[in-house]
Amino acid sequence: MKPLALTIVFLMLALIAFGGSLSRKQNGQVSPKANDYRNVEPFRGSEVGNTLARACGDCHSNNTNLPWYGHVAPISWWIESHVREGREELNFSEWARYSALERHNELESICGVVSNGRMPLASYRALHPESRLKAEDKKLICAWAANEIEQEK
């Protein structure tokens, strides 16, 4: 194929992908104030609430803040899939609606996944350095989870 034809094909594909990404409704996008779990107990005004928002909030709440590339297909499809899966696993915006058993199970899981580095995902940490959890952050989250489990009894 001639260079001009290749350029035209490339531009058409880029326009289709970009246009498609603009027309797609963002999955679960809500206003920043709506369902902000940091205003709900046990997160309100707490250090752990701020830590969870910083490290986990984009995928595990309804307060997803997409970067510029999160609006460009096909990357946007991959990110939307991760966010959807994250919310299905745990959604802090729905915390108050969880049953006592669901909260208990999530609290037991949270400490384990942050302690062993499974969460936040390495791919997310690579692009979002603010999400990296220091040892103190992990201890804070685990202490909070243990305290919440005790209070649930």
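**A. The link of C111 and C142 is right-handed, with 95° about the S-S bond.** C111 lies in helix α4 and C142 in helix α6, so the pair ties together parts that are 31 residues apart in sequence. Helices are DSSP runs of H or I with at least four residues, strands are runs of E with at least two, and both are numbered from the N terminus. The two sulfur atoms are 2.0 Å apart, and the structure holds one disulfide (a pair of cysteine sulfur atoms within 2.5 Å). C111 is partly exposed at 22% relative accessible area, whereas C142 is buried at 15%. Buried means under 20% relative accessible area, exposed over 50% and partly exposed in between, with a 1.4 Å probe and protein chains only.

The model is predicted: local features need pLDDT of at least 70, side-chain atom pairs count only at pLDDT 80 or more, and totals for chains, interfaces and linings use all residues. Residues are numbered from 1 along each chain as its sequence is written, and side-chain values use heavy atoms, with hydrogens and water left out.

C56 is buried, with 10% relative accessible area. C59 is in no disulfide, and its nearest cysteine sulfur is that of C56.

**C. The largest pocket holds about 460 Å³ of space.** Of its 23 lining residues, H60, G86, E89, V113 and M119 are the closest to the centre. Helices α2 (47–56), α3 (75–89) and α4 (100–115) each give two or more residues to the lining, and α4 gives the largest share, five. By class, 13 lining residues are nonpolar, five polar and five charged. Nonpolar covers Ala, Val, Leu, Ile, Met, Phe, Trp, Tyr, Cys and Pro; charged covers Asp, Glu, Lys and Arg; the others, Gly among them, are polar. On a 1 Å grid over the protein atoms alone, a pocket is an open set of points with protein on both sides within 12 Å along at least five of seven lines, a cavity is a set where a 1.4 Å probe fits but cannot get out, and lining residues have an atom within 4 Å of a point. Points are joined across faces, edges and corners, and a volume is the space filled by probe spheres set on them.

**D. The largest cavity holds about 210 Å³ of space.** Among its 16 lining residues, C59, W78, I79, Y124 and H128 lie nearest the centre. Helix α3 supplies the largest share of the lining, four residues. The lining divides into ten nonpolar, five polar and one charged.
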